[in-house]
Amino acid sequence: MRLLATGHAVRVARSARFVAVPSTASLRRASSNAALEQGTRQPGPPGVPCAEEATYEKTRSDILLKKDGSRSAAQAPPQSPVPSRTPFEQYLIDEKKPNTILNDEGSSGVVISSRPHTFDATTNLSPSILSHVDRRLYMQPDHPICITRKLIESVFSPPTYENHIASNPVVTATDNFDGLGFPADHPGRSRTDTYYLNENHVLRTHTSAHQLHAFSRLATRSSTTGETQQAGYSGYTICADVFRRDSIDRSHFPVFHQMEGAHTWGYKPSKTKQDSRYELFKRRKNEIARDLYDLPSHGLKVQDLNLPFHKDNPAQAKHDHEEVRLMAKHLKKSLEILVAKVLTQARDAGGSMVGTSQEPLEVRWIDAYFPFTSPSWELEVFWQGEWLELLGCGIVKQELLEKAGCGDKIGWAWGIGIERLAMLLFGIPDIRLFWSQDERFLSQFKEGTITKYEPFSKYPECYKDVAFWISAAPAAATPVAETGSRGGVAAAAAGGDARKASPAESQLAAFHENDVMEIVRDSAGSLAEDVKLVDEFVHPTSGRKSLCYRIVYRSLERTLTNEEVNQIHGEVVARLASELDVELR
Ligand code: DAH
């Protein structure tokens, strides 16, 4: 039992009781309680609507449901006044509040980072995903995620870059997609790929969701007009957890961490005379060139075969080609310096992880597409015999900077997956380990040092198959068994190539593999190591399609018993049958 009585929690009527959330399905129930709603764009105070104390029952995943609440929307007190914070700053607040699902007679919602959100027909959260919100691995000094964050920040550091952490994972769908120019039919928007709290709010799928606010902040903090010219920051980094419905294997987890970085150059008017537009432009271009030549050299072998821009990866109409060339070089070299530092440290720590003394460290640039940059690139590293995608980047779309109030600036941005970098750095073989609370894992890492991970033991796996008929055709955008199609846990992807697929959104009723993954995650938690389609066929007469998935169960910390696995698998099978439109075979 737990009493939530502080000003930082949702408070409901004293008589209210709460029970555990039974399943994802219950979270899908539509909500009508408008009183719970409070947009994340409208910064709210730590306290939320209701005024009295409540009693809660704590559950496995710290998720709570109200059982017999009688409060109606009409009785709910008005929302608290909005304090004067800028929209971006609200994401920087570090308030330690548990996530709480409230269900009030047909209306339900969740409190995340002290802000309430009402569910609606769009909601597709699961208790398992919510149990990972607020873990803040990036704040734990001895954790590999935090060590990696600080390593990145040491390359992109003040006074040039302001380093942010965005602790509230809830963003508006506008910030996550529309504001960045995602087309309406981009597959990343679909409910099979993204966690929706409701129609307007999502768990961010990438740190780029904060770009607009971060650029606005840059605009106000680095005023360069007239006599009041201040230096300010010219760039930023943002570290945060991001959420994507995805496949299950040793390098995919639905919650992972990203770091966003950007650098801008603006017009710097002379203090003493009226500049012509040409003079302003020339000064800006010279500054980019100066910054480029001031970057230190690195020892990486780099392949970069493409022109900096061309018709399939064009420079923007508003940009001067010489400036784009200089910015592209500055962007690429800045990231090469980062990767050289990471890979060298990884090699020094473990010998065999990245390259060897005989094998030179090698990276390559390839053209890419993101809705919010043009031209765009990805950086890959040659690792254990194959090219591995590390990050996405590009020249920021000018409309974005204009919207953020800094149209006189031009700049670049990148997004990198922290887990992938950390897996290289520390030689961590399974992404689930980052969430481990086992001392045998945690005690291996120390702030500021890179050490090779020593597996403490390998416990046996246990696999089980489940086969079923699906009634609707698989959604076109993400066909069955297209695992890892969004670029991997740590890779770029949320902004990936919209031209590669059509949206799944129009086929809500259709079978989607990510829904299987979600049920497995929710029932098995981190005991699910891998889920793969092992067989599929179409019945010759009925035309129905059968799929068979193999689920590998394995604990990273102990040997699982048969009974335990049977019980979990039984729950998975029962939920597949009851929550998806499938018929077990
Ligand atoms: N947000 C992208 C993703 O998660 C990564 C990315 C690509 C970030 C290009 C950027 C960028 O800032 O310029 O897939």
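Modeller: An open sheet of eight strands runs in the order E8-E12-E13-E18-E17-E16-E15-E14, and its pairing is mixed. Strands pair here if DSSP finds at least two bridges between them. Helices (H or I, at least four residues) and strands (E, at least two) are DSSP runs, numbered from the N terminus. This is a predicted model, in which local features need pLDDT of at least 70 and side-chain atom pairs count only at pLDDT 80 or more, whereas totals for chains, interfaces and linings use all residues. Residues are numbered from 1 along each chain as its sequence is written, and side-chain values use heavy atoms, with hydrogens and water left out.

Biologist: Which strands stand at the edges of that sheet?

Modeller: Strand E8 (161-165) and strand E14 (301-303) do; each has a single partner strand, so one side of each is left without a neighbour in the sheet. On average, neighbouring strands of this sheet are turned by 25° against each other, direction ignored. The axes behind that angle are lines fitted to C-alpha atoms, for helices over the stretch in contact, and angles run from 0 to 180 degrees between N-to-C directions.

Biologist: How many bridges join E16 to E17?

Modeller: Nine bridges join strand E16 (residues 373-383) to strand E17 (residues 386-396), and the two run antiparallel. Leu379 has Leu391 in E17 as its bridge partner.

Biologist: And what is the order of the three-strand sheet?

Modeller: That open sheet has the order E9-E11-E10, with antiparallel pairing. Its edge strands are E9 (170-172) and E10 (196-198), each of which pairs on one side only. Neighbouring strands of this sheet are turned by 35° against each other on average, direction ignored. E9 pairs with strand E11 (residues 201-203) over three bridges in the antiparallel sense, and Val170 has Leu203 in E11 as its bridge partner.

Biologist: What do E20 and E21 form?

Modeller: They form a hairpin with six residues between them, and Gly543 in the turn has a positive phi of about 80°. Strand E20 (residues 528-538) and strand E21 (residues 545-553) are antiparallel and pair over nine bridges.

Biologist: Changing topic: how many residues has helix H13?

Modeller: H13 (residues 562-579) has 18 residues and reaches 25 Å from its first C-alpha to its last, close to the 26 Å expected at 1.5 Å a residue. The expected span is 1.5 Å times one less than the number of residues.

Biologist: Which of its residues are buried?

Modeller: In H13, Val565, Ile568, His569, Val572, Val573, Arg575, Leu576 and Glu579 are buried. Buried means under 20% relative accessible area, exposed over 50% and partly exposed in between, with a 1.4 Å probe and protein chains only. Seen down the axis of H13, the buried residues fall within an arc of 165°, so they line one face of the helix. That arc is taken from the directions from the helix axis to the C-beta atoms. The face turned away from the buried side carries the exposed residues Asn562, Glu563, Gln567 and Ser578.

Biologist: How many residues of H4 are buried?

Modeller: Nine of the 12 residues of H4 are buried, and the helix is mostly covered. Among them are Cys146, Arg149 and Glu153. H4 (residues 144-155) reaches 17 Å from its first C-alpha to its last, close to the 16 Å expected at 1.5 Å a residue.

Biologist: Now the aromatics. What is the count of pairs?

Modeller: The count comes to 16 aromatic pairs. Rings of Phe, Tyr and Trp (its six-membered ring) pair if their centres lie within 6.5 Å; planes under 30 degrees apart count as stacked, over 60 as edge-to-face and the rest as tilted. The rings of Phe177 and Phe182 have centres 5.3 Å apart and planes at 65°, so this pair is edge-to-face. Both Phe177 and Phe182 are buried. The rings of Phe426 and Phe445 have centres 5.3 Å apart and planes at 90°, so that pair is edge-to-face.

Biologist: Where do Phe426 and Phe445 lie?

Modeller: Phe426 lies in helix H10 (residues 418-426) and Phe445 in the loop between helix H11 (439-442) and strand E19 (462-470), so the pair ties together parts that are 19 residues apart in sequence. Phe426 is buried, at a relative accessible area of 0%, and Phe445 counts as buried at 1%.

Biologist: Which residues do ring pairs link into a cluster?

Modeller: Phe156, Tyr161, Trp412 and Trp414 are linked in this way.
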